[in-house]
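Visitor: I'd like to go through this one with you and ask where the labels come from. Can we put it on the screen?

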Amino acid sequence: MPCARNLSHSGSHGRAPARAFCVFLIQALVAGALLGAGPAAYAQTGGKSGRAAAYWADVLRVAEILGSVHYMRDLCDGSEGQVWREKMRELLKATEPDEQTRELLVGHFNSAYHKARIAHGRCSGKTVTEINRLLDEGAKLSARLSAIARP
C-alpha cells in the first residue's frame, strides 16, 4: 500500500516523503492499544487522566487528519484510492475502541473529510500547502504517540 509523499505546488509528487505519518499508525498505536478505555471514558472523567487523555486527544486528531487528507489527496492526486480510509481502519483496529469511542473516531474522520470538501472545491496551491501541513502534523503526532508509555 503506498505511503504519503509531500506534493509540489504543481500537484505532482515531490521528492520528500512524509512516511513517518503512515508508519506510525501501526507502531505507535500498538502500544497505545494497551491503554484500555477510549476517549469517551476519559471525557466522562473531565479529562483528568493525564497521559491517557493526551493520548486519546492525539488519536482523535489523527482521525481528523486522516479524513482531511483522504479527501484532499484524492482531489489533488487521485492515484492513492482508499489509502487514507484504510489507514483509518488500521487506526481503529490498533486501538480496539469500545463502540462509543469507535463512533467518536469515525465521526472525527467524517467531519474532517466534509470540512475539507467544503473548503477545497478544487486542487490549488492552498490545498497542496494544507495537505503538506497535515502530513507534517501527523508525523509529529506519530513521534509523540510513540513516546507515550502506558499510563
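Visitor: What makes Ser68 count as buried or exposed?

Guide: Its relative accessibility is 12%. Buried means under 20% relative accessible area, exposed over 50%, and partly exposed in between, with a 1.4 Å probe and protein chains only. So Ser68 counts as buried. Ser68 sits in helix 3, helices being DSSP runs of H or I with at least four residues, strands runs of E with at least two, both numbered from the N terminus. Keep in mind that this is a predicted model, where local features need pLDDT of at least 70 and side-chain atom pairs count only at pLDDT 80 or more, while totals for chains, interfaces and linings use all residues. Residues are numbered from 1 along each chain as its sequence is written, and side-chain values use heavy atoms, with hydrogens and water left out.

Visitor: Which residues is Ser68 in contact with, leaving aside neighbours within four places in sequence?

Guide: Ala112, Tyr113, Ala116 and Leu134; contact means heavy atoms within 4.5 Å.

Visitor: Tyr113 again, then. What makes Tyr71 and Tyr113 an aromatic pair, and of which kind?

Guide: Let me start with how many there are: the structure holds two aromatic pairs. Rings of Phe, Tyr and Trp (its six-membered ring) pair if their centres lie within 6.5 Å; planes under 30 degrees apart are stacked, over 60 edge-to-face, and the rest tilted. In one of the pairs, Tyr55 and Trp56 have ring centres 5.1 Å apart and planes at 85°, so that pair is edge-to-face. Tyr71 and Tyr113 are also edge-to-face, at 5.4 Å centre to centre and 85° between the planes. This pair links distant parts of the chain, with Tyr71 in helix 3 and Tyr113 in helix 5 (residues 99–119), 42 residues apart.

Visitor: How do you know whether Tyr71 is buried or exposed?

Guide: Tyr71 has 12% relative accessibility, so Tyr71 counts as buried. Tyr113, at 22%, counts as partly exposed. As for the other pair, Tyr55 is buried at 1% and Trp56 is buried at 2%.

Visitor: Why is helix 3 called roughly antiparallel to helix 6?

Guide: Their axes come within 9 Å and cross at roughly 150°. Axes are lines fitted to C-alpha atoms, for helices over the stretch in contact, and angles run from 0 to 180 degrees between N-to-C directions. Under 35 degrees is roughly parallel, over 145 roughly antiparallel, 65 to 115 roughly perpendicular, and the rest oblique. That makes helix 3 roughly antiparallel to helix 6.

Visitor: What is the handedness of the crossing where helix 3 passes helix 6?

Guide: Left-handed. A crossing gets that name if the near helix is turned anticlockwise from the far one by less than a right angle, and right-handed if clockwise.

Visitor: What makes the phi of Glu96 worth a look?

Guide: Most residues other than glycine have a negative phi. Glu96 has a positive one, near 45°. Glu96 is found in the loop between helix 4 and helix 5, and its 60% relative accessibility makes it count as exposed.
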